[in-house]
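Subject: Structure handover

Hello,

Here is the structure we talked about, followed by notes on what turned up in it.

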Amino acid sequence: MNDLKGWCEPRFAAVQAAFAASLGKDDVGASVAVRLEGEPVVDLWGGYADADRTVGWERDTLTGVNSTTKNMTALCALVLADRGLLDLSAPVAAYWPEFAAAGKERLLVRHALSHTAGLPDLPGLTAVEDLYDWQRVTAALAAQSPEWEPGTAAGYHALTFGFLIGEIVRRVTGRSLGDFFAEEVAGPLGADFHIGLSPADDHRVAPLIPPLSETDEFTAGAPLGPDGTRREHTGVAVRVRDANSVAWRRAQLPAVNGFGNARSVALVQSVLANRGSAGGVRLLSPEGCEPAWQEVFRGEDRVLRTPMSWTAGFGKFGNTFGWGGWGGSLVASDPDARLTVAYVMNQMIDRERQEDGRGMEIIMAAYSGLR
């Protein structure tokens, strides 16, 4: 079953073709969405929500998008900055006084957003269950010394990104990142994306499927860079079975445990690509979107071990910005074209063993519709 459901504007027929090919080859179930100038032009889904291929992937099927969640968390910070409640150039300690310890007095909010804070690891935490203790994790980060002078180098903050930005948001608003996102971003937009999933939504979840030849013990260690190398990692290793657990769904881990589909991911991120609004709802001013694509750091990423360009919360790739998640989900936005493309799937691919071009092929197909 690789028949597609949904709809696609005729000029984006190449997206539909690329998605159909992916469902026929590598995917079990997935969804694809494209928005142009804040409006939907592609909304497709298909395949199966389970590894046994007995349950169809439906319009409202959700799945864990792993680090694609970081795009949502960064947007929350930019919304607060646009409202004048958060200064990206201020020290984190201005909002989180305990953070002014161990040489972090001048560590800026912008550093936390751009993976240049020097806090890529969570020392002393070894089990996934440790991540569910927000106070313990943020207290440990507040006491930790940076690995490098903040702002002088970058190293992908795979898990700590969410705790850093989430605690800043909590200190500013009095709300958790997941609650702020639900009330101030997803709610106004009508976006079906969740950081902290309700039990009422469990029946809609398509569990992540481990890569071929792997079991649900397959782990996400330090992220694999495009050159095929990774930094040695001794912290918490998240397994597929952890990401599929009920405890993971209920937690709020703003770097990694968002649940959604391509429609909701594209809707939320199209706000930034479309100068602050999507579907007639304005969340930011046009100027408030600009930090999403303004480069903060360019150089070798010490964790990914590859050249990277980081903005305030996003990876920058030529004219586009965005980020993807462990296993293959991703979102990319082009503020010049006012284009956003999202791809969300349940079948993971291990990039150490197999090239994963699924999302990129769909992005390139979307660009062909602009000609």
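Trp326 is partly exposed, with 22% relative accessible area (buried is under 20%, exposed over 50%, partly exposed in between, with a 1.4 Å probe and protein chains only). This is a predicted model: local features need pLDDT of at least 70, side-chain atom pairs count only at pLDDT 80 or more, and totals for chains, interfaces and linings use all residues. Residues are numbered from 1 along each chain as its sequence is written, and side-chain values use heavy atoms, with hydrogens and water left out.

The whole structure holds 10 aromatic pairs (rings of Phe, Tyr and Trp, the last by its six-membered ring, with centres within 6.5 Å; planes under 30 degrees apart are stacked, over 60 edge-to-face, the rest tilted). One of them, Tyr156 with Trp310, is stacked at 5.9 Å centre to centre, with 5° between the planes. Tyr156 lies in the loop between helix 4 (134–143) and helix 5 (160–173) and Trp310 in strand 12 (residues 306–310), so the pair ties together parts 154 residues apart in sequence (helices, H or I of at least four residues, and strands, E of at least two, are DSSP runs numbered from the N terminus). Tyr156 is buried at 4%, and Trp310 is buried at 1% relative accessibility.

Phe218 and Trp326 are also stacked, because their ring centres are 5.8 Å apart and their planes at 20°. Phe218 is buried, at 12% relative accessibility.

Tyr156, Trp310, Phe317 and Trp323 form one aromatic cluster.

Regards
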